[in-house]
Amino acid sequence: MKKRYKILIPVVIIIGFICFFEVKGFLERKRIIGNEINETIVSINNNWTGGRSYDYITKSNYKITLINNDTLSIGDSISKKANNNKYDIFRKKEGSYYFLRSYYVGK
């Protein structure tokens, strides 16, 4: 009986951590999809995926996760309408912003 608990407790803890991070990510995506965003990227973080994707953080602390080959830079502008999953990215060059590309994130 004690041997079962030694195996069961770590399994429950691991499942709890996985559920916590999945719910946290779902709520963050839901918050972002519902709001309009016109922000600039202020920091880039390598997340827990081991370099396969990066978290781009805006001034208002929105976190947008994109895969590794879609590299954005600090200072890039992100624009998104409310209740939409299309992000337009603009990059500053010689004092003015130009359209870089669009991303569809979430749905």
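Before we look at anything, one definition: contact here means heavy atoms within 4.5 Å. Helices (H or I, at least four residues) and strands (E, at least two) are DSSP runs, numbered from the N terminus. And axes are lines fitted to C-alpha atoms, for helices over the stretch in contact, with angles from 0 to 180 degrees between N-to-C directions.

Okay, what is on the screen is a predicted model, where local features need pLDDT of at least 70, side-chain atom pairs count only at pLDDT 80 or more, and totals for chains, interfaces and linings use all residues. Residues are numbered from 1 along each chain as its sequence is written, and side-chain values use heavy atoms, with hydrogens and water left out.

Let's start with the helix. Helix α1 covers residues 2-34 and lies across β1 (37-46), β3, β4 (77-80) and β5. Its angle to β3 is about 105°.

Now the sheet. In what order do the 6 strands sit? Going across, you read β3-β2-β1-β4-β5-β6, and the sheet is open, with antiparallel pairing. Two strands pair if DSSP finds at least two bridges between them. If you're new to this, strands of a sheet pair through backbone hydrogen bonds, either parallel or antiparallel. At the edges you find β3 (63-67) and β6 (96-104); each has a single partner strand, so one side of each has no neighbour in the sheet. From one strand to the next, the twist averages 35°.

Let's walk through some of the pairings. Strand β1 is joined to strand β2 (residues 53-58) by 5 bridges, antiparallel, and there I41 stands opposite T58 in β2. Between β1 and β4 there are 4 bridges, again antiparallel, with T40 opposite S77 in β4. Then β5 (residues 86-93) pairs with β6 over 8 bridges, antiparallel too, and I89 faces R101 in β6.

Is T40 buried or exposed? For these words, buried means under 20% relative accessible area, exposed over 50%, and partly exposed in between (1.4 Å probe, protein chains only). T40 has 18% relative accessibility, so it counts as buried. Leaving aside neighbours within four places in sequence, T40 is in contact with I57, T58, K59, G75, D76, S77 and Y97.

Over in strand β3 we have L66, which is buried at 8% relative accessible area. With neighbours within four places in sequence left out, L66 is in contact with S53, Y54, Y56, L72, Y103 and V105. Also, L66 and R52 are 14 residues apart along the chain, and their C-alpha atoms are separated by 8.8 Å.

On to charges. How many salt bridges does the structure hold? There are 2, where a salt bridge is a side-chain nitrogen of Lys or Arg within 4 Å of a carboxyl oxygen of Asp or Glu. One is R91 with D76, their closest N and O atoms being 2.8 Å apart. That pair links distant parts of the chain: R91 is in strand β5 and D76 is in the loop between β3 and β4, 15 residues apart. D76 is buried, with a relative accessible area of 2%. In the other, K86 meets D88 at 4.0 Å, N to O, and K86 is partly exposed at 30% relative accessible area.

Next, aromatic pairs: searching the whole structure gives 2. Rings of Phe, Tyr and Trp (its six-membered ring) pair if their centres lie within 6.5 Å; planes under 30 degrees apart count as stacked, over 60 as edge-to-face and the rest as tilted. F20 and F21 have ring centres 5.1 Å apart and planes at 75°, so that pair is edge-to-face. F90 and F99 are edge-to-face as well, at 5.6 Å centre to centre and 70° between the planes. F90 is partly exposed at 25% relative accessibility, and F99 is partly exposed with a relative accessible area of 46%.

Most residues other than glycine have a negative phi, and most peptide bonds are trans. Which way does phi go for N83, positive or negative? N83 has a positive phi, near 55°. N83 sits in the loop between β4 and β5 and is exposed at 61% relative accessible area. E94, not a glycine, has a positive phi of about 55°. E94 lies in the loop between β5 and β6, and its 77% relative accessibility counts as exposed.
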